[in-house]
Amino acid sequence: MSTDYDLLVASDLTPQKMLDLLSLRLSLATSDMEMEKDGVLKISVRPALRGRQTTFQEAFGFTPTLAVHFRLNKFAGYKEAMCLLIRGTIAVLTQKEADAVLLFNGEQVILERIKGHLLLDKGVFGYANYQENLAEVTMPYQMRDLRQPLL
């Protein structure tokens, strides 16, 4: 059983370059356009789907070019996987001044960076398994109740 997160980002990087960036920052080896950490986390990168691009343009005011998919094992190593997910997300956000949104299960907004402002959802980051990872957020942010246009 797993939980899924998607980071949709407007970037000029190719999927391979994005995967290389994540591999370097997270110290994970890549294979066939994905990487894995001991069965607790799998990361893949692909171009954002056209339908998602339209939805995001309407909902968030930007067009994502890449989708970074994080699949976390719900029963083994979840804390470590969550830490890597947050660290990887911040690595992407600090690499480029690009708009991005991190979604849980494809619809719940966990964090967003729009026009340079990083916002974390107060309701989500109030949970213990997220609070433990706030130290990984190494850039200025605000916490607030984020709008949920995809729910």
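What follows is a chat about some residues and ring pairs in this predicted model.

Me: Where is Arg-113 placed?
Reply: Arg-113 is in strand 7, residues 108-114.

Me: Buried or exposed?
Reply: Arg-113 counts as buried, because its relative accessibility is 1% and the cut-off for buried is under 20%.

Me: Which backbone oxygen does the side chain of Arg-113 reach?
Reply: That of Leu-93, at 2.7 Å. Leu-93 is also in the contact list of Arg-113, which leaves aside neighbours within four places in sequence. Others in that list include Glu-97, Asp-99 and Met-139.

Me: Changing topic. How many aromatic pairs does the structure hold?
Reply: Three. In one of them, the ring centres of Tyr-5 and Phe-104 are 5.1 Å apart and the planes are at 50°, so the pair is tilted.

Me: Which parts does the pair of Tyr-5 and Phe-104 tie together?
Reply: Tyr-5 lies in strand 1 (residues 2-9) and Phe-104 in strand 6 (residues 100-104), so the pair ties together parts 99 residues apart in sequence. Tyr-5 is buried at 1% relative accessible area, while Phe-104 is partly exposed at 21%.

Me: And what about the rings of Phe-56 and Phe-60?
Reply: Their centres are 4.9 Å apart with planes at 40°, so that pair is tilted. Both residues lie in helix 2 (residues 50-60), four residues apart, about one turn of the helix. Phe-56 and Phe-60 are both buried.

Me: Which residues form an aromatic cluster with Phe-56?
Reply: Phe-60 and Phe-62 form one aromatic cluster with Phe-56.

Definitions and conventions:
Residues numbered from 1 in each chain as written. Predicted model: local features only at pLDDT ≥ 70, side-chain atom pairs only at ≥ 80, totals over all residues. Heavy atoms only, no water. Helix = DSSP H or I, 4+ residues; strand = E, 2+ residues; numbered from the N terminus. Buried < 20%, exposed > 50% of the residue type's maximum accessible area, 1.4 Å probe, protein only. Polar contact = N/O pair within 3.5 Å; in protein donor to acceptor, adjacent residues only side chain to side chain. Contact = heavy atoms within 4.5 Å. Phe/Tyr/Trp six-rings, centres within 6.5 Å; stacked < 30°, edge-to-face > 60°.
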